[in-house]
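Please open the model in your viewer and keep the selection tool at hand; the stops below are meant to be taken in order.

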Amino acid sequence: MTNFILQTLDKLYPFDGVCFLHYNEPWQLLFATILSAQCTDARVNEVTADLFKKFPTLEAFADADILQIEIAVRPTGFFRNKARHLQGAARQLLDSYDGEIPHEIDALTALPGVGRKTANVVRSHIFKIPSIVVDTHVSRVSRRLGLAREKCPVKIEHELMHVLPETHWIRFNQQVISHGRQICASRNPRCEHCALKSVCFYVIMR
């Protein structure tokens with residue numbers, strides 16, 4: 001069943017390494033992913049288009065008036081926490097890593113506002129390290145397809161690491177996110193149009 005799912009996803013979404021967040025520098029992807037919590041990628045891309053012009057360097061974030069960062073990121077929600085995380089991450093990257101982004105999972109998750117999801121986005125897109133990124137789409141679709149049973153994102157990550165070939169991890173992230181957005185929505189999924197409905201527990205159990 002797993003092979004069928006992966007082969008079908010490859011046919012539906014034949015891309016590898018696509019990133020839905022816009023960035024030029026590695027730290028910009030880190031910051032954009034922090035902002036993406038409880039916010040759509042489209043909205044984040046709108047915000048970062050101006051944000052990275054206003055604060056073009058880590059030094060600019062580190063030295064900025066926090067109120068100015070809050071104003072700039074307000075449309076992404078939870079703006080006070082996110083502004084504090086961005087400034088804290090900028091300062092920590094400058095102080096501890098000479099402005100470079102570390103690739104180790106423990107080092108990344110030690111940065112303000114960075115959990116395993118954000119760390120794995122950076123690891124997969126910047127360092128090309130095979131990583132499973134568990135967002136709401138990956139969580140929902142993986143459980144509906146029977147690839148995962150848990151509800152905790154960290155546990156789902158480890159379940160998927162066990163059942164999926166490592167060579168497919170990065171691709172799987174982007175494919176399932178696309179499938180979740182286009183077909184397998186949280187509410188009113190378009191099951192009749194889904195090429196995976198024959199192996200979907202959500203469909204079978206209805």
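Select M1, which counts as partly exposed because its relative accessibility is 47% (buried means under 20% relative accessible area, exposed over 50%, and partly exposed in between, with a 1.4 Å probe and protein chains only). M1 lies in the segment before helix 1 (2-12), where helices are DSSP runs of H or I of at least four residues, numbered from the N terminus. This is a predicted model, in which local features need pLDDT of at least 70 and side-chain atom pairs count only at pLDDT 80 or more, while totals for chains, interfaces and linings use all residues. Residues are numbered from 1 along each chain as its sequence is written, and side-chain values use heavy atoms, with hydrogens and water left out.

Next, select D10 and R171, whose side chains meet in a salt bridge at 3.1 Å, N to O (a side-chain nitrogen of Lys or Arg within 4 Å of a carboxyl oxygen of Asp or Glu). Because D10 lies in helix 1 and R171 in helix 11 (residues 169-182), this pair ties together parts that are 161 residues apart in sequence.

Move on to R181, which forms a salt bridge with D41, the closest N and O atoms being 2.6 Å apart. R181 belongs to helix 11 and D41 to helix 3 (residues 41-54), 140 residues apart. R181 is partly exposed at 41% relative accessibility, whereas D41 is buried at 16%.

Finally, select R116 and E157, whose side chains form a salt bridge at 2.6 Å, N to O. The pair links helix 8 (residues 116-125) with helix 10 (residues 153-163); E157 is buried, with a relative accessible area of 4%.

Methods:
Helix = DSSP H or I, 4+ residues; strand = E, 2+ residues; numbered from the N terminus.
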